[in-house]
2 protein chains.
Amino acid sequence: MQKQEPTYLKAITLRELDDIYSLKNDIQNKIILILRITPLAQKNIDGLRKAIDELYSFIKNFDGDMVRLGDERIIITPPNVKIWRPNNKLK
Amino acid sequence: MQKQEPTYLKAITLRELDDIYSLKNDIQNKIILILRITPLAQKNIDGLRKAIDELYSFIKNFDGDMVRLGDERIIITPPNVKIWRPNNKLK
């Protein structure tokens, strides 16, 4: 039996709109991202909206998923990782 | 080529010490857990310590991993998911 390749999980911080290029790279490499968004939110709320929109389109094209985690973070998953939603809502 | 089984990710809240039984079950089912620990911390800090110790021993026997995520959460991963640590520290 072939050994399954591990999936990696990165918990990182979104500080600049330009950070999304390396995040897209991580998404293409099928890395699970737990992204702290408050530093960019406090600095540039329009930049944050643009970053989230771009990442959302990118992840949807890629058959991945994205959800909010509390007030400070979002979770982005590659196609092989499914986010469990009780009643369509994360606690 | 055989299709790879998806890994599930659950973001849930630890409210009672007894919640660890269902969490151990999730760990055995190789589910990634993002666990909000503040509700138990505020109610019963000794209970929280006991819960974390028990989950840590359990996950280590199972070849999984556990890290803190900010002040409110911990991440628990099954053996097939590796947590990326830049300089051994999550931002």
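Helix 3 of chain B lies across strand 2, strand 3 and strand 4 of chain B, and its direction is at about 140° to that of strand 3 of chain B. Helices (H or I, at least four residues) and strands (E, at least two) are here DSSP runs, numbered from the N terminus. Axes are lines fitted to C-alpha atoms, for helices over the stretch in contact, and angles run from 0 to 180 degrees between N-to-C directions. The model is a predicted one, in which local features need pLDDT of at least 70 and side-chain atom pairs count only at pLDDT 80 or more, while totals for chains, interfaces and linings use all residues. Residues are numbered from 1 along each chain as its sequence is written, chains are lettered from A and ligands numbered from 1 in the order in which they are written, and side-chain values use heavy atoms, with hydrogens and water left out.

An open sheet of 5 strands runs in the order 5(A)-1(B)-2(B)-4(B)-3(B), with mixed pairing; two strands pair if DSSP finds at least two bridges between them. Strand 5 (81-83) of chain A and strand 3 (65-69) of chain B are the edge strands, each pairing on one side only. On average, neighbouring strands of this sheet are turned by 20° against each other, direction ignored. The pairing of strand 5 of chain A with strand 1 of chain B is parallel and extends over 3 bridges, and Ile83(A) stands opposite Leu9(B) in strand 1 of chain B. Helix 1 of chain B also packs on the sheet, where it touches strand 1, strand 2 and strand 4 of chain B, and its direction makes about 155° with that of strand 2 of chain B.

Within helix 1 (residues 20-28) of chain B, the residues Ile20(B), Leu23(B), Lys24(B), Asp26(B) and Ile27(B) are buried. Buried means under 20% relative accessible area, exposed over 50%, and partly exposed in between (1.4 Å probe, protein chains only). Viewed down the axis of helix 1 of chain B, the buried residues fall within an arc of 155° and so line one face of the helix; the arc is that of the directions from the helix axis to the C-beta atoms. Their cover includes strand 1 (7-13), strand 2 (32-36), helix 3 (45-61) and strand 4 (73-77) of chain B. Just after helix 1 of chain B, Lys30(B) has a positive phi of about 60°.

In helix 3 of chain B is found Leu48(B), which counts as buried at 8% relative accessibility. Neighbours within four places in sequence aside, Leu48(B) is in contact (heavy atoms within 4.5 Å) with Leu14(B), Ile37(B), Leu40(B) and Ala41(B). Leu48(B) and Phe62(B), 14 residues apart in sequence, are 21 Å apart in space, C-alpha to C-alpha.

Strand 2 (residues 32-36) and strand 4 (residues 73-77) of chain A pair in the antiparallel sense over 4 bridges, with Leu33(A) opposite Ile76(A) in strand 4 of chain A.

Chain B can be laid on chain A with an RMSD of 0.0 Å by a turn of 180° and a shift of 0.0 Å along the axis. The two copies are thus related as by a two-fold rotation axis. Superposition is by least squares on the C-alpha atoms of residues with pLDDT of at least 70 in both copies. In chain B, the C-alpha nearest the axis belongs to Gln4(B), 4.2 Å from it.

Over all chains the structure holds 16 salt bridges, a salt bridge being a side-chain nitrogen of Lys or Arg within 4 Å of a carboxyl oxygen of Asp or Glu. One of them joins the side chains of Asp46(A) and Arg49(A) (3.2 Å, N to O); both residues are exposed. Asp46(B) forms a salt bridge with Arg49(B), with the closest N and O atoms 3.3 Å apart. Asp46(B) and Arg49(B) are 3 residues apart in helix 3 of chain B, and therefore separated by about one helical turn. Asp65(B) forms a salt bridge with Lys60(B), the closest N and O atoms lying 3.5 Å apart. Asp65(B) counts as buried at 13% relative accessibility, whereas Lys60(B) is partly exposed at 39%. Lys24(A), Lys50(A) and Glu54(A) are linked in a network of salt bridges.
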